[in-house]
Structure formats: structure tokens, C-alpha cells
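Biologist: I would like to learn how to read the computed features of a model. Please start with the surface.

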Amino acid sequence: VLPNKETKPADERFCVLSRNGLRLRKEPNIESEKIELIPFEEELLVTKQKDDKIIIDGKEGSWVQVTYKDKIGWVFNGYLDWHCHQHEDVNRSKID
């Protein structure tokens, strides 16, 4: 197994599309410790992205490191978008 690669920092603002929020995690994996639940349409800053593509809840994406308030952690970017208020009915994330 090759080590995970990371791209250069993105430093872009995104928002959460999952109506039930998105878990901020300590490490870039679904088993990692949960730091906080980021609410629907909340804005966060993406600072780093893993190159590896994964599928969670039928959505393709990758893990991204984010800054939310004063916390740094990882979220799955399949539930992020640039346009917070254009999505009225987004499937709920099953990532708990």
C-alpha cells in the first residue's frame, strides 16, 4: 500500500451541503475521532486535499483538511460546495 499523497493547500471557502451536518474528524478516515458536527450551510476553509478518491454514501470525493472556527480537522468533500444557498434538497450524509 502506497502512502496517501496530499496536494498543495487549496485555501478555498466551501459550505456544508448535508442537512444533518458534517463531522469534523481528527484524521482523514471514517473511523477517526469526531471533533465537532459542522451544521448545514456552515462555511469552512479548505486548506489541504488528499489525492485519493473514495466513495461514501454513493458520493465520490476525497478527504480535505479544513479550518472551522478555531478547529482544524478533516471532512469528506462529497458534502461540500461553493454555493451554500442554492441547494434546497440534498441527501443526508450517513457519516456519523
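Biologist: How much accessible surface does the protein have, and what share belongs to carbon and sulfur atoms?

Modeller: Accessible areas come from the Shrake-Rupley method with a 1.4 Å probe, and for residues only the protein chains shown count as cover. Here the total is about 6100 Å², with 45% belonging to carbon and sulfur atoms. This is a predicted model, where local features need pLDDT of at least 70, side-chain atom pairs count only at pLDDT 80 or more, and totals for chains, interfaces and linings use all residues. Residues are numbered from 1 along each chain as its sequence is written, and side-chain values use heavy atoms, with hydrogens and water left out.

Biologist: How many helices and strands are there?

Modeller: Both are DSSP runs numbered from the N terminus: helices are H or I, at least four residues, and strands are E, at least two. The protein has nine strands and zero helices.

Biologist: What is Glu36 in contact with, beyond its neighbours within four places in sequence?

Modeller: Contact means heavy atoms within 4.5 Å. Glu36, in strand β3 (residues 34-38), touches Leu22, Arg23, Leu24, Tyr68, Lys69 and Lys71. The side chains of Glu36 and Lys71 also form a polar contact of 2.5 Å (a pair of N or O atoms within 3.5 Å; within protein, one must be able to donate a hydrogen and the other to accept it, and residues adjacent in sequence count only if both atoms are side-chain atoms).

Biologist: What is the mean pLDDT of the protein?

Modeller: pLDDT is the predictor's confidence in each residue, from 0 to 100. The mean is 84, and 77% of residues reach 70 or more. Over residues 1-5 it is below 50. Where pLDDT is low, the predicted coordinates should not be read in detail.
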